[in-house]
Amino acid sequence: MAAKPSSLLIFQPRLNLRLKPFIFSSSSLAFSIILRIPFPKASFFGNRKFHSSLSAVSSAQSTGDGGNGGGRSGALSPTLVTEELQKIDVNPPKGTRDFPPEDMRLRNWLFNNFREVSRVYGFEEVDFPVLESEALFIRKAGEEIRDQLYCFEDRGNRRVALRPELTPSLARLVIQKGKSLSLPLKWFAIGQCWRYERMTRGRRREHYQWNMDIIGVPEVTAEAELLSSIVAFFKRIGLTAADVGFKVSSRKVLQEVLKCYGIPENMFGKVCIIIDKIEKIPLDEMKKELKVVGVSEDAIEEMLQVLSVKSLTKLEEILGGGGEAMSDLKQLFSLAEKFGYSDWIQFDASIVRGLAYYTGIVFEGFDRGGKLRAICGGGRYDRLLSTFGGDDLPACGFGFGDAVIVELLKEKKLLPELNVEVENIVCALDPDLQGAASRVATILRGKGQTVDLVLENKPLKWVFKRATRINAQRLILVGSSEWQRGMVGVKDLSSGEQREVKLDELN
């Protein structure tokens, strides 16, 4: 028996002389003919005549007599009626996404940055069920989110919903844990959320959201810490204060205005939801909605005047300097200077946030180009726990979606190039050595290295192309003569250096 060639020979120019093309003979082509047997129009696999037809086909193929004891072999009788199958829609449901490998690499990169910022700020990761009780998300009548829920009744006759956000689930978990928790809590989560809403650029019906929350700290230092963490994230991914910023206000500003006009506190949430639409609907339409909920014309005009204010100095002229709203805002802007991000934030009284549970400082991240919707948003929600029957705790947090930030990075041409990278590609030069190649792959994987094992008997030209596509660092070839000596061929694909390495010295 002729000796098999050394694996190192494949690295030489004479490689092409050793690779023989596949030759197809006329006899091999005969086997490429496929016998197509159409399905009958009757229901699939549930029709006795259909089973009989298949039996007849089987009998004809095995006996060569057509299944009827005579006639020409291969003749099929009776003729089957065909029906074309309708192709399934291969697109994901409207508003949702697939994540093929290239998109998954980007998602992992983004999530890793979320996690790393959370880690360096001392936050611990938590998660919650995607499916929650519907009641968890229905807090106050008229809230926009009621009409955006993906909700249904399960087989146990329970009303459930896919979570549209993460904060209510966080509140539920805090109540569940009760006094066993040691405050303050600094928790973060990255979870999939669902909202049935009109889709625009950066807005989908499913998205992933990064949340950071601080429970148990009543001081504005908590909001300042959260804003600092988002700034740190922006810097990590290459954005500057010239690209993005934060609009900051306090719901207490609006509360002080409404108190002057005798607007009851139970109407405050409804008013905030309407005010949150200030950049989304015409001003006259917003005024009509405010009148419908019982706000007087004088109060509306006063609110609009206050909501147009863009500086703390001007706000202080209107409200005076003794209220909680001014005190909180002044402290926050002072802390921002100490943290070093004062050029990232600006006061904007029109920011109130649409969710009913916010009680104090609120903020939104925005792109300074004005092309995209809010990048992120959050604020203080000191009275959320009592909404679910728990004891209230001071709390604040933010939500940061994955869709808008990716659009912004595309706009700024800051998306990273994330190619697949594999340390080793391992190939057997002979089908009989596939087991040996598997052993080599197992050894390297046991040492924590990534290995793409060639699972089929492929020509070397194909192997080199695959190595290029997956950005492999090394090609390891298992040849007969080397394997008999306990060695393998190793080629460094960046330098071109090639050598033989003992199996027990392979690193």
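This is a predicted model: local features need pLDDT of at least 70, side-chain atom pairs count only at pLDDT 80 or more; totals for chains, interfaces and linings use all residues.
Q: Which elements each supply at least two residues of the lining of the largest cavity?
A: The lining includes Thr167, Leu170, Trp187, Phe188, Ala189, Asn211 and Asp213. Elements that each give at least two residues are helix 5 (167-177), strand 5 (185-194) and strand 6 (206-215).

Q: How do the residues of the lining of the largest cavity divide into nonpolar, polar and charged?
A: Val126, Phe128 and Leu166 are among the lining residues, as are Thr167 and Asp213. The division is seven nonpolar, two polar and one charged.

Q: How much space lies in the largest cavity?
A: The whole structure was searched for cavities of 30 Å³ or more, and one was found. Its space is about 40 Å³.

Q: Is Arg251 buried or exposed?
A: Arg251 sits in helix 7 (residues 251-260). Its relative accessible area is 1%. Buried means under 20%. Therefore Arg251 is buried.

Q: Which residue's backbone oxygen lies 2.7 Å from a polar atom of the side chain of Arg251?
A: Arg251 touches Phe268 and Cys272, and also residues including Arg353, Leu355 and Tyr358. Val352 is another residue it touches. The backbone oxygen at 2.7 Å belongs to Val352.

Q: What separates the C-alpha atoms of Arg251 and Ile361?
A: Along the chain, Arg251 and Ile361 are 110 residues apart.

Technical notes:
Residues are numbered from 1 along each chain as its sequence is written. Side-chain values use heavy atoms; hydrogens and water are left out. Helices (H or I, at least four residues) and strands (E, at least two) are DSSP runs, numbered from the N terminus. Buried means under 20% relative accessible area, exposed over 50%, partly exposed in between (1.4 Å probe, protein chains only). Contact means heavy atoms within 4.5 Å. A polar contact is a pair of N or O atoms within 3.5 Å; within protein, one must be able to donate a hydrogen and the other to accept it, and residues adjacent in sequence count only if both atoms are side-chain atoms. On a 1 Å grid over the protein atoms alone, a cavity is a set of points where a 1.4 Å probe fits but cannot get out, and a pocket is an open set with protein on both sides within 12 Å along at least five of seven lines; lining residues have an atom within 4 Å of a point. Grid points are joined across faces, edges and corners, and a volume is the space filled by probe spheres set on the points. Ala, Val, Leu, Ile, Met, Phe, Trp, Tyr, Cys and Pro count as nonpolar, Asp, Glu, Lys and Arg as charged, and the others, Gly among them, as polar. Lists of a residue's contacts leave out its neighbours within four places in sequence.
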